[in-house]
Amino acid sequence: MYETQPSPAGAQELPLQSPGRQVVHLYFADVHERYLAAEQRVVSQSGDDVALSRRLIELLVQGPMQGGSRTLPAGAKLRALFISSGTA
């Protein structure tokens, strides 16, 4: 099981949310695959929970941009997505 650890010192912080955009945190394994490390990304804010969920899964499959290791295989595909009462 992965543990979480704070972002490394000097990690780039993204600006606060702006109209039509929102900051999200994606978690990937660290380089030693012992902890989960957060990466901030900015995504379009459409108000559509399904579109946002699909985009977040796509970003997880793409993998980390700041080092670290994948937590999903590179060729993973989202085959179905169910959202009930705001929970995917």
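A salt bridge is taken here as a side-chain nitrogen of Lys or Arg within 4 Å of a carboxyl oxygen of Asp or Glu. The structure is a predicted model, in which local features need pLDDT of at least 70 and side-chain atom pairs count only at pLDDT 80 or more, whereas totals for chains, interfaces and linings use all residues. Residues are numbered from 1 along each chain as its sequence is written, and side-chain values use heavy atoms, with hydrogens and water left out.

The mean pLDDT (the predictor's confidence in each residue, from 0 to 100) is 82 for the chain, and 80% of the residues reach 70 or more. Over residues 1-7 the pLDDT is below 50, and this stretch has 16 contacts in the model beyond near neighbours in sequence; a contact means heavy atoms within 4.5 Å. Where pLDDT is low, the predicted coordinates should not be read in detail.

The chain contains one helix and three strands, arranged along the sequence in the pattern β-β-β-α. Helices (H or I, at least four residues) and strands (E, at least two) are DSSP runs, numbered from the N terminus. Of the 88 residues, 22% count as buried, where buried means under 20% relative accessible area, exposed over 50%, and partly exposed in between (1.4 Å probe, protein chains only). Among contacts between residues at least 6 apart in sequence, 51% join residues at least 24 apart.

Helix α1 comprises 14 residues, 49-62, and its first and last C-alpha atoms are 20 Å apart, close to the 20 Å expected at 1.5 Å a residue; the expected span is 1.5 Å times one less than the number of residues. The N-terminal end of α1 is capped by D48, a side-chain oxygen of which lies 3.1 Å from the backbone nitrogen of V50. This pair is a polar contact, defined as N or O atoms within 3.5 Å; within protein, one atom must be able to donate a hydrogen and the other to accept it, and residues adjacent in sequence count only if both atoms are side-chain atoms. Just after α1, G63 takes a positive phi of about 95 degrees. A positive phi is also found at E33, near 55 degrees, in a residue other than glycine; E33 is placed in the loop between β2 and β3. Most residues other than glycine have a negative phi.

Four residues of α1 are buried, namely S53, L59, L60 and V61, and the buried residues of the helix pack against β2 (21-29) and β3 (35-44). The largest nonpolar core has six residues, V24, L26, F28, V43, L59 and L60. Such a core is a set of buried Ala, Val, Leu, Ile, Met, Phe, Trp, Tyr and Cys residues joined through side-chain atoms within 4.5 Å. Both β2 and α1 supply at least two residues of the six-residue core, and the largest share, three residues, comes from β2. Not counting residues up to four places away in sequence, L60 touches L26, Y27, F28 and L72. In soluble globular proteins, nonpolar side chains tend to be buried together.

A search of the whole structure finds two salt bridges. In one, R41 pairs with E39, the closest N and O atoms being 2.8 Å apart. R41 counts as buried because its relative accessibility is 7%, and E39 likewise counts as buried, at 4% relative accessibility. In the other, E58 pairs with R55, with the closest N and O atoms 3.2 Å apart. E58 and R55 are three residues apart in helix α1 and are therefore separated by about one helical turn. E58 is partly exposed, with a relative accessible area of 43%, and R55 is partly exposed at 33% relative accessibility.

Two further residues, S69 and A80, lie in the segment after α1. S69 is buried, with a relative accessible area of 14%. A polar atom of the S69 side chain lies 3.4 Å from the backbone oxygen of D30. Leaving aside neighbours within four places in sequence, S69 is in contact with F28, A29, D30, V31, E33 and P64. A80, by contrast, is partly exposed, with a relative accessible area of 42%. A80 and R54 are 26 residues apart in sequence and 9.5 Å apart in space, C-alpha to C-alpha.
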